Amino acid sequence: MPGQPVFGEYDDGYVRPDISGSTQLTSYWSYQNNTQFDPANGGSMSFASTAGGGALPSLSSSDDDAQGELAFEVFADLELGKIGGPSSRASWGLHFGFHYADLDASEYGNQNGTATRVVDQFPLGGVIPPLAPYAGSFTGPGPLLATDATRGTTLVPGGARITHSNDFQADLFSLNVGPWIAYAPNDRVSIQADLGLTLAFADATYKYASTVSVPGGPSSAIAGRANESDFLPGFYIGATAAYAVNPRTELYLSARYQYLDSLNVTTPSASAALSFDESFIISAGVRFKF
């Protein structure tokens, strides 16, 4: 678009602001090939860059892996009374629990997408540029390039090949507290329902890499890493079935739905989120009565 100041990095050079801070002229520019210079109409310089995008739905190869590599839980259920009298088989109390999980999710794949060739043409205003390759300096002096570029875009035949990978790892520590009610139909079996509040602390690391390859043209790559940690409030609801091996020892199986706020990890080029909107936890183990 004419009249718009343009600065950027290109496949065959760059146009950057110089020490003057002007948005109209700069001495801090570079080009690689003499064919970029067009002497017509006072002269101009052309700079080109290729970008991939618009990935098509077809996925030629991919791998998704999301798992909790390590998790454990310790808890205490404090019985506070019977429901319906001292001889009742129904009781109630408070649950206190600590849970740790090592969460790891990774994904990579190759996709076909569109590739766009962008050409920005900068007027020289009669200035004859030095022969290529040329690189101007930030402080000058040097030939000045006007920054009001005219832009043209075309689709590259053959499109682009986009290779990407993402890896998300998080340590999650959570505290649970809330009431429970239980019913024991006999001396061996008991069923318990829980509902309570959760306060979790998550420490997450996100790594990504993406490469765009154009047939017969240059490739571009971006990569990054970010870390984020925060406290995440939420709640849980669950049920537990237990079988008494002896008066002091029980085997149990527990299922719990747990909701927590999301943790977002953001970088300049990509972002990831740790979400517990649909988090179900199934655990089994041994619990002891005191």
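Strand β8 gives the largest share of the lining of the largest pocket, namely eight residues. Here a strand is a DSSP run of E with at least two residues, a helix is a run of H or I with at least four residues, and both are numbered from the N terminus. The model is predicted, so local features need pLDDT of at least 70 and side-chain atom pairs count only at pLDDT 80 or more, while totals for chains, interfaces and linings use all residues. Residues are numbered from 1 along each chain as its sequence is written, and side-chain values use heavy atoms, with hydrogens and water left out.

The chain has zero helices and 19 strands. Of its 290 residues, 36% are buried, where buried means under 20% relative accessible area, exposed means over 50%, and partly exposed lies in between (1.4 Å probe, protein chains only). Among contacts with a separation of 6 or more, 73% join residues 24 or more positions apart, a contact being heavy atoms within 4.5 Å.

The largest pocket holds about 870 Å³ of space. A pocket is an open set of points on a 1 Å grid over the protein atoms alone, with protein on both sides within 12 Å along at least five of seven lines; in a cavity, a 1.4 Å probe fits but cannot get out, and lining residues have an atom within 4 Å of a point. Volumes are the space filled by probe spheres set on the points, which are joined across faces, edges and corners. The largest pocket has 32 lining residues, and Asp-77, Glu-79, Glu-250, Arg-287 and Lys-289 lie nearest its centre. By class, this lining comprises 16 nonpolar, six polar and 10 charged residues. Nonpolar covers Ala, Val, Leu, Ile, Met, Phe, Trp, Tyr, Cys and Pro, charged covers Asp, Glu, Lys and Arg, and the others, Gly among them, count as polar.

In the second largest pocket there is about 300 Å³ of space. Its lining has 20 residues, with Ala-71, His-99, Ala-101, Phe-280 and Ile-281 closest to the centre. Strand β19 makes the largest contribution to this lining, six residues.

Two cavities of 30 Å³ or more are also present. The largest cavity contains about 150 Å³ of space, and of its 16 lining residues, His-95, Asp-194, Thr-240, Ser-254 and Arg-256 lie nearest its centre. Five nonpolar, six polar and five charged residues make up the lining of the largest cavity.

Strands β2, β3, β5 and β10 form, in that order, an open antiparallel sheet, with β2 and β10 (134–135) as its edge strands, each pairing on one side only. Pairing requires that DSSP finds at least two bridges between two strands. Between β5 (residues 29–31) and β10 there are two bridges, and Tyr-31 stands opposite Tyr-134 in β10.

Finally, Val-6 sits in the loop between β1 (4–5) and β2 (8–10). Val-6 is buried, at 14% relative accessible area. Beyond its neighbours within four places in sequence, Val-6 contacts Val-15, Asp-120, Phe-122, Thr-147, Ala-149 and Arg-151.
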